[in-house]
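Student: Hi! I'm new to this one, could you walk me through it?
Tutor: Happy to, let's have a look together.

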Amino acid sequence: SNLVDKKMYDIYFSKFLIEAKQELKKQSIAEKQKAIEKAELNKDDKKDISSLYGSDEDKDAGNEKLRLYGTLLMPYWDANAGVQPLFRQILSSSDKRLKYNTMLLLLRNNKPCPDSLVNYFAAQDEYRYELYKDLKELNKEANFPSRYNNHLDLGRSKVLAGKTYDKPDTLVFVDKLPAEVKGKKGLVYFYKYKTKKDDASWKLATVGLVPE
C-alpha cells in the first residue's frame, strides 16, 4: 500500500486476474462442500448445530489469496471491465470473513459498497465491534448504522469478539458503574455469561472504560 504503483506490475495484470478467478472457483467449491457437510451433520443429528455458534470449527476463515488479489486488482477498477464483476462475485460468497475483508477494501478505496452489507455486519455480534473500529480508522464512522452505535450493542460485541475459543453461549447485561482511570471518567459495563447453557455457574465479563 502506497509503495507499489500499478504501473510496476501492469505486465502481470492478466495473470493476476486469471489466478483470482481460479481461486474464486476453488473458494466456491469449498463453500459448497462445507454447506453439504453441515447439512448432513444436522440431518443425522450427530451434533447440535446451535452449539457451533462462534465455535472455531464453524468460523469462516476467509481467503488470504483472494484478499491479496483484490488489493492488486483494485487499481484497475475502472481500467478493466473484468475487475468489478469479480468483486461482485466475491461479495456473493457465503464466507463472512471473505465478504467482510472485501467490503473494507472497497470502502478504503472509496468504491461503491452496498449499505445493506454494512448493515449486515453491524447486526452481527461477532463483527459489530470490529466494524466500528475499522470504520473509525478509515474516518468513515458515518457509515456505521446509528441503531447499533450504543454502549450495549458494542459492548456485547466486544465481549464475544474478545474470546477466540469457548465463546459464551448465553450473555446477559448486568449493570454499568462509573469509574475513573488516570483522570479519565467513564463507565464500566458488566455482563454475566455461560460458556454452555447447562453450566451451573455464571462468569463475569467487563467492557470499559467507555466514555460517558
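**Helices and their surroundings**

Tutor: This is a predicted model. Let's start with a pair of helices: H4 (residues 96–108) packs with H5 (residues 115–122) at an angle of about 130°, and their axes are 11 Å apart. That makes H4 oblique to H5.

Student: Which hand does the crossing of H4 and H5 have, left or right?
Tutor: The crossing is left-handed.

Student: And which residues meet there?
Tutor: From H4 you have Lys-96, Lys-99, Tyr-100, Met-103 and Leu-107, and they meet Leu-117, Val-118, Tyr-120 and Phe-121 of H5. By class, that contact has seven nonpolar residues, two charged ones and no polar ones.

Student: What about Arg-97, is that buried or exposed?
Tutor: Arg-97, which lies in helix H4, is buried, because its relative accessible area is 18% and the cut-off for buried is under 20%.

Student: OK, what is Arg-97 in contact with, leaving aside neighbours within four places in sequence?
Tutor: Arg-97 is in contact with Asp-60, Ala-61, Gly-62, Tyr-127 and Glu-130.

Student: Switching topic: which residues of H7 are buried?
Tutor: In H7 (residues 151–161), the buried ones are Leu-154, Gly-155, Ser-157, Val-159 and Leu-160.

Student: What covers them?
Tutor: The cover includes helix H6 (125–137) along with strands S1 (170–181), S2 (184–194) and S3 (203–210).

Student: Last one: which residue caps the N-terminal end of H7?
Tutor: That's Asn-150, with a side-chain oxygen 3.2 Å from the backbone nitrogen of Leu-152.

Terms used. Residues are numbered from 1 along each chain as its sequence is written. This is a predicted model: local features need pLDDT of at least 70, side-chain atom pairs count only at pLDDT 80 or more; totals for chains, interfaces and linings use all residues. Side-chain values use heavy atoms; hydrogens and water are left out. Axes are lines fitted to C-alpha atoms, for helices over the stretch in contact, and angles run from 0 to 180 degrees between N-to-C directions. Helices (H or I, at least four residues) and strands (E, at least two) are DSSP runs, numbered from the N terminus. Angles under 35 degrees count as roughly parallel, over 145 as roughly antiparallel, 65 to 115 as roughly perpendicular and the rest as oblique. A crossing is left-handed if the near helix is turned anticlockwise from the far one by less than a right angle, and right-handed if clockwise. Contact means heavy atoms within 4.5 Å. Ala, Val, Leu, Ile, Met, Phe, Trp, Tyr, Cys and Pro count as nonpolar, Asp, Glu, Lys and Arg as charged, and the others, Gly among them, as polar. Buried means under 20% relative accessible area, exposed over 50%, partly exposed in between (1.4 Å probe, protein chains only). A polar contact is a pair of N or O atoms within 3.5 Å; within protein, one must be able to donate a hydrogen and the other to accept it, and residues adjacent in sequence count only if both atoms are side-chain atoms.
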